[in-house]
Amino acid sequence: MAFVTEQKPAVYFNYVGGEWTESSSGERLESFNPATGEMVGSAQNSTVTDVEQAIDMVHSTFQKSDWGYNPKRRYEALLGFAQKIEENLERLAAVLTREQGKTIKESRQELAGCVDTLKYFAGAARTVFGRSIQLEPNNFGVIAKEPIGVVGIISPWNWPALLMIRELAPALAAGNAVLVKPASLTPAISVELFKLIDQVPQFTKGIVSIVTGPGRSIGAAMGTSKKIDMISFTGDTSTGKTIMELATSNIKKLALELGGKSPNVVFADANLDKAIPLIGRSIFISAGQICMAGSRLLVHESIKGEVISRLKQYAEQLRIGNGLSESTDMGPVVSQSQLDLVAEYCEIGRREGTIITGGHRLSGGDFDRGYFFAPTIIDELPSQCRVVREEIFGPVLAVQSFSSEEEALAMANDTDFGLSAGVWTNDLNRAMRMSKGIKAGTVWINTYNKNFPEAEFGGYKQSGLGRTRGIDGLMEYCETKHIHFEVD
Ligand code: NAD
């Protein structure tokens with residue numbers, strides 16, 4: 001099927017101090033459709049000078065404005081933003097699919113998640129409660145929650161709208177000023193969302209800005225800036241470690257949402273009719289480019305043959321192609337380098353294990369214009385294999401089997417990561433034991449990929465620091481102050 005995707009590439013600007021601005025570099029950062037190679041847009045290729053000016057502007061706006069003390073205004077601003085996204089959802093979904101490659105259904109789902117998150121945190125802006133306590137007969141303490149100040153949000157390309165909004169919404173709800181640096185591969189969707197912020201008059205002018213450009217220069221400048229009080233980073237674990245080092249400049253507060261290598265643990269009594277499609281979806285959604293991907297399958301040895309054969313069937317019936325088609329189930333990976341990386345891991349899998357299905361780039365016809373990779377399942381992998389241990393960020397499922405619950409738990413925890421896990425069993429006691437034993441921020445029982453703005457999300461071990469979403473997610477963006485009263 002041919003798609004009318006060739007549209008004039010849009011030009012995007014930085015948004016600083018409530019104005020659209022150009023980078024001093026005079027250069028552009030271009031983004032391309034990974035399904036077709038067409039240019040989607042060009043954004044500002046900003047310099048360290050640009051980002052420093054933006055930080056100064058956000059910092060002075062925070063000092064001068066009443067944003068941090070005006071929860072009702074913040075509620076109205078976030079709600080207004082949510083409504084603007086709702087009104088523009090179809091248009092934004094097309095931009096997201098064209099720039100990132102995910103299917104149009106996933107893009108709609110991602111943007112609906114943005115709306116839901118903004119609405120939740122709009123309400124939460126009016127509930128930034130502290131506590132009070134009588135300490136001695138004449139002494140009384142108020143434990144107040146206050147905004148931290150200027151928050152720098154650095155976001156990734158895989159769910160570029162939701163992962164930016166997931167942090168922006170609580171940061172603003174708590175009363176902070178924010179500077180966003182989106183991923184270099186997805187500036188268009190990020191700036192499109194800021195165009196909507198610009199249409200909401202309740203936002204204090206200058207309280208939220210976006211600057212596009214390379215992470216290694218402008219992201220790093222945010223990390224070291226003494227005028228940024230907190231960095232909220234979502235991305236690769238190795239970049240997270242760099243940010244930690246950069247943040248020592250002024251002992252910044254950090255929130256880190258990093259990588260994963262999450263297991264789906266399938267016991268012999270599991271309801272496979274329900275489990276198979278959800279396990280398949282957990283690894284092939286967004287072509288596996290999702291932090292919580294169920295990239296390891298741990299299956300009881302007695303049902304391994306059946307589970308693998310049914311997952312193979314699932315993988316092979318997926319319709320792969322341009323995400324703009326309503327019938328596409330899986331789009332391309334985001335770039336040539338991501339495609340090469342996935343292929344490299346599959347070669348390791350081929351040498352050390354057995355490829356059940358996939359393991360290769362898709363070619364011929366429209367596939368040759370983009371970065372399409374076949375949904376892949378690899379079995380018989382030793383536990384030290386890099387395919388089992390490292391985050392691939394592609395549609396590759398590594399299969400291992402176990403013979404006892406104890407072994408399953410040990411295998412589930414045999415990883416540097418701890419973002420999420422799925423447990424499939426009809427035994428409630430076992431489900432409870434496994435959910436307590438697994439070292440991960442989210443454990444789903446008989447389901448997967450269920451996320452809500454009101455339920456905390458985040459990583460154990462090298463999957464992150466702190467929690468996003470929910471009340472804890474709001475509190476991440478607050479300082480705590482003890483105000484003490486002594487009466488005579
Ligand atoms: P990445 O680490 O390469 O980039 C993330 C952001 O950091 C980008 O904006 C990039 O420009 C910036 N950056 C790069 N180098 C920097 C530096 N030295 N200083 C400051 N900023 C820098 O990650 P990615 O490839 O965009 O995203 C994929 C990764 O994100 C995967 O590891 C995935 O698991 C992780 N992720 C985690 C979550 C979560 O919630 N835990 C969600 C989505 C993605």
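Helix α6, which comprises residues 187-197, is mostly covered, with 10 of its 11 residues buried, where buried denotes a relative accessible area under 20%, exposed one over 50%, and partly exposed a value in between, with a 1.4 Å probe and protein chains only. The buried residues of α6 are Pro187, Ala188, Ile189, Ser190, Val191, Glu192, Leu193, Phe194, Leu196 and Ile197. Helices (H or I, at least four residues) and strands (E, at least two) are DSSP runs numbered from the N terminus. The structure is a predicted model, in which local features need pLDDT of at least 70 and side-chain atom pairs count only at pLDDT 80 or more, whereas totals for chains, interfaces and linings use all residues. Residues are numbered from 1 along each chain as its sequence is written, and side-chain values use heavy atoms, with hydrogens and water left out.

For the protein chain as a whole, the secondary structure comes to 15 helices and 21 strands. The radius of gyration is 23 Å, close to the 23 Å given by the globule rule for 488 residues, so the chain is as compact as a globular protein of that length; this radius is taken over C-alpha atoms, and the rule is 2.2 Å times the number of residues to the power 0.38. Along its principal axes, the C-alpha trace spans about 75 × 65 × 40 Å. Buried residues make up 58% of the 488 residues, and the accessible surface of the chain comes to about 19400 Å², of which 51% belongs to carbon and sulfur atoms, as computed by the Shrake-Rupley method with a 1.4 Å probe. Of the contacts (heavy atoms within 4.5 Å) with a separation of 6 or more, 73% are between residues 24 or more positions apart.

The C-alpha atoms of Val40 and Ala10, which are 30 residues apart along the chain, are separated by 6.9 Å.

Ile165, in helix α5 (residues 160-173), is likewise buried, with a relative accessibility of 0%. When its neighbours within four places in sequence are left aside, Ile165 is in contact with Phe81, Cys114, Thr117, Leu118 and Pro170. Between Ile165 and Thr425, which are 260 residues apart in sequence, the C-alpha to C-alpha separation is 34 Å.

With a disulfide defined as a pair of cysteine sulfur atoms within 2.5 Å, the count comes to 0 disulfides. Cys385 is in no disulfide, the nearest cysteine sulfur, that of Cys346, being 11 Å away. Cys385 is buried, with a relative accessible area of 1%, and Cys478 is buried with a relative accessible area of 4%.

Most residues other than glycine have a negative phi. Phe393, however, has a positive phi, near 60°; Phe393 is found in the loop between α12 (386-389) and β17 (396-402) and counts as buried at 17% relative accessibility. A positive phi of about 55° is also computed for Asn446, which is not a glycine and which lies in the loop between β19 (442-445) and β20 (464-465).
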